[in-house]
Every structure is written in C-alpha cells, then in structure tokens.
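The exercises below are meant to be worked through with the sequence and the model side by side. Try each task before reading its solution.

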Amino acid sequence: MAYQSKLQSEQIDVLFDAILSLQDMEECYRFFEDICTINELKSLSQRLEVAWMLRQNKTYQDISDETGASTATISRVNRSLTYGANGYNIVLDRLSRK
C-alpha cells in the first residue's frame, strides 16, 4: 500500500522534486541557505539530532543539555518517531548504514 500524506499538494510536490534534484552537499547548502532562514535550518537539523538521540534511548535531560532543544521539541520529535509517518526512521536507518 502506497503512503498517502495528509499534506500532499502540487506545491509541496514541486518542493520535494526540487530537493530530490540536488546532486551533492554543496548544492544542498546553496538551496537550503536560499529557501530557509538560518533559524529554520538549525531547527530542522536539531530535530534530526534529537530523533537520533531518542533512538539511542537518551533521556530528555541529556538531549536537552546536548542539543539545547526544549522538552516540547523533544516530545514532538518523540511523538513523530512513535506515531508519525516513519520518515525519521527511514532517514536514520539509512544514515546509520553510511
């Protein structure tokens, strides 16, 4: 069964096609520096780090101390890991194989 996102739209499809067209790290930096604010990009990377640490069974306090993430952010990421669309797990599994 194919995954059907509640967020799917033509505009988001174009955004994701643009992301999938990036060919290397430099292109990623160029694109994301243009499309995101510094704070947005830092928030995204922080959430990924929080997800990684949650999968390693780190405590909320340890995660907060190491990343500076609020407990609300950690809780939101944890909820996504447990009840979300499995996106974090797909990416983290692939990164752990690198």
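**Exercise 1. Find what share of the residues counts as buried, and describe the overall build of the chain.**

Solution. Of the 98 residues of the chain, 15% count as buried, where buried means under 20% relative accessible area, exposed means over 50%, and partly exposed lies in between, with a 1.4 Å probe and protein chains only. The model is a predicted one, in which local features need pLDDT of at least 70 and side-chain atom pairs count only at pLDDT 80 or more, while totals for chains, interfaces and linings use all residues. Residues are numbered from 1 along each chain as its sequence is written, and side-chain values use heavy atoms, with hydrogens and water left out.

Next, turn to the secondary structure, which comes to six helices and zero strands; helices (H or I, at least four residues) and strands (E, at least two) are DSSP runs, numbered from the N terminus. Along the sequence this reads α-α-α-α-α-α, and the C-alpha trace spans about 40 × 35 × 25 Å along its principal axes.

Then consider the surface and the contacts. The accessible surface comes to about 7,900 Å², of which 52% belongs to carbon and sulfur atoms; such areas come from the Shrake-Rupley method with a 1.4 Å probe, and for residues only the protein chains shown count as cover. Among contacts (heavy atoms within 4.5 Å) with a separation of 6 or more, residues 24 or more positions apart account for 39%.

**Exercise 2. Describe the largest pocket by its volume, its lining and the helices that supply the lining.**

Solution. Rolling a probe the size of a water molecule over the atoms shows where empty space is left. On a 1 Å grid over the protein atoms alone, a cavity is a set of points where a 1.4 Å probe fits but cannot get out, whereas a pocket is an open set with protein on both sides within 12 Å along at least five of seven lines, and lining residues have an atom within 4 Å of a point. The largest pocket has a volume of about 2,200 Å³, a volume being the space filled by probe spheres set on the grid points, which are joined across faces, edges and corners.

The lining of this pocket holds 40 residues, of which F16, I19, F32, L44 and V91 lie nearest its centre. At least two lining residues come from each of α1 (10–21), α2 (25–35), α3 (38–55), α5 (71–83) and α6 (87–97). By type, the lining divides into 24 nonpolar, nine polar and seven charged residues, with Ala, Val, Leu, Ile, Met, Phe, Trp, Tyr, Cys and Pro counted as nonpolar, Asp, Glu, Lys and Arg as charged, and the others, Gly among them, as polar.

**Exercise 3. Determine where N57 is found and what phi N57 has, then treat N86 likewise.**

Solution. Most residues other than glycine have a negative phi, and most peptide bonds are trans. N57, found in the loop between α3 and α4 (60–67), has a positive phi near 60°, and N57 is exposed, with a relative accessible area of 69%. N86 lies in the loop between α5 and α6 and has a positive phi of about 75° although it is not a glycine; at 39% relative accessibility, N86 counts as partly exposed.

**Exercise 4. Decide whether T73 is buried or exposed, and do likewise for T71.**

Solution. T73 has its place in helix α5 and is buried, with a relative accessible area of 13%. Not counting residues up to four places away in sequence, T73 touches Q46 and R47. T71 also lies in helix α5, but at 51% relative accessibility T71 counts as exposed. The C-alpha atoms of T71 and Q61, 10 residues apart along the chain, are separated by 8.0 Å.
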